[in-house]
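Keep the structure open beside you as you read.

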Amino acid sequence: MKHRTFFWFFLPSAAAMFLFIALPIVSVLMQSVFAPHQQVVREVENCSVFGCTKTTTVDLTATEALREAEPLGRFVGGSIYTDRNHLAFSEVAMLASTADGIAAFLNGLLNLPFYGALLFTLTYTLVVTPLSILLGFVVALAVNAVPRFLRGPMIFVSLLPMIITPLVGALILFWMVDARGVLGALIQSLAGDPNLSVKASTPLMWAMLMVYGIWSSAPFAFVVYYAGLQTVPQDTLESAMIDGASRWERIRYVIVPHLLPLTTFMALIKIMDNFRVFEPIVSFNASAHAQSLSYFIYSDLGGETRLLSSAAATSVLTILGVIVLLSPVLVRTWKTYGRGAA
């Protein structure tokens, strides 16, 4: 393709990426180093026949003029990143010097808002990502092995979690684990505790959120793997069967290596998707037990006083977290394709 033709072909995509990705990121970066202006307070002395009193009032005119002169706010640099609601450097240093052992230090660290949200986000991502990919792979193998006249219904059933609206799917599971629901009663029976409530237990709530995450995201892996299974060379599988390879050996030495590029692709997508977990926490009303980084941003933006600078700083830290998690996969992919190119 000629350079001129490629330029005009790529221009719409480049413009869209610049407008909807690059500019918002730059805007968030700028917002994270500026804080809103404080209100201008004046001290006014009122005198009467009974004496003089001093009162403080907000000078709305001066405050508005200050905001118009500096619409971004006052420059605070990286102080928002290091305050108690984010990296909390001073609080962490104090914990390190006063905590009685590692357990006490970690307990105090997780009581800080950002680190508590980071722990749940990382746990959710590291648990849901591999298990959803594995479940999708197993379902794809099972569907691919059944007779053709059964594949249509099985594919439909396997895709139901993807078809159902995430909010509706989360609410269904939320009602099922209620004390009067099917799963809630089953859990109480298995635990031998009629007063056990999933909604009142932080570990059980975490487990429920992850179960929902695996259930709702496995269909995507199933679709990708099922499509990939149709491209597996049949002559290679037949040769393996003639050589006496069992079904497990054919899966391990023929199918899995063939589908490895798809696994890398899904790992990238799932890590980015799971790291921004938000809907299950809202649907399950689980904010008292689990908060993700995305929910942390939502909390800053909600309410009567919107903490835009705090939300922007958390957004930047979330982007950095995604980059760190994606780095091993990207480096592995780069090395693999580098060797192939060499």
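## Salt bridges

Searching the whole structure turns up three salt bridges, where a salt bridge is a side-chain nitrogen of Lys or Arg within 4 Å of a carboxyl oxygen of Asp or Glu. This is a predicted model, in which local features need pLDDT of at least 70 and side-chain atom pairs count only at pLDDT 80 or more, while totals for chains, interfaces and linings use all residues. Residues are numbered from 1 along each chain as its sequence is written, and side-chain values use heavy atoms, with hydrogens and water left out.

Which residues are linked in a network of salt bridges? They are Asp 178, Arg 180 and Lys 199. Lys 199 and Asp 178 bring their side chains together at 2.7 Å, N to O. This pair links distant parts of the chain, 21 residues apart: Lys 199 sits in the loop between helix H8 (182-191) and helix H9 (202-229), and Asp 178 in the loop between helix H7 (166-176) and H8. Helices here are DSSP runs of H or I with at least four residues, strands are runs of E with at least two, and both are numbered from the N terminus. Between Arg 180 and Asp 178, the closest N and O atoms are 3.4 Å apart.

## Cover around the charged pairs

Asp 178 is buried at 17%, Lys 199 is partly exposed at 23%, and Arg 180 is exposed at 78%.

Another salt bridge joins Arg 276 to Asp 273, with 2.6 Å between the closest N and O atoms. Arg 276 is partly exposed, with a relative accessible area of 45%, and Asp 273 is also partly exposed, at 30%.

## His 258 and its contacts

His 258 belongs to helix H11 (residues 247-275) and is partly exposed, at 31% relative accessibility. What does His 258 touch, not counting residues up to four places away in sequence? The answer is Gly 228, Thr 231, Val 232 and Pro 233, a contact being heavy atoms within 4.5 Å. From His 258 to Thr 231 the separation is 27 residues in sequence and 8.8 Å in space, C-alpha to C-alpha.

## Two positive phi angles

Ala 88 is not a glycine, yet its phi is positive, about 50°. Its place is in the loop between strand S4 (74-75) and helix H3 (89-98), and Ala 88 is buried, at 0% relative accessibility.

Asn 285, which is not a glycine either, also has a positive phi of about 50°. This residue lies in the loop between helix H12 (279-283) and helix H13 (293-301). Is Asn 285 buried or exposed? Asn 285 is exposed, with a relative accessible area of 58%.

## The whole chain

Stepping back, the protein chain contains 14 helices and four strands. Along the principal axes, its C-alpha atoms fill a box of roughly 110 × 70 × 45 Å. Of the 342 residues in the protein chain, 32% are buried. Among contacts between residues at least 6 apart in sequence, 66% join residues at least 24 apart.

Definitions and conventions: Buried means under 20% relative accessible area, exposed over 50%, partly exposed in between (1.4 Å probe, protein chains only).
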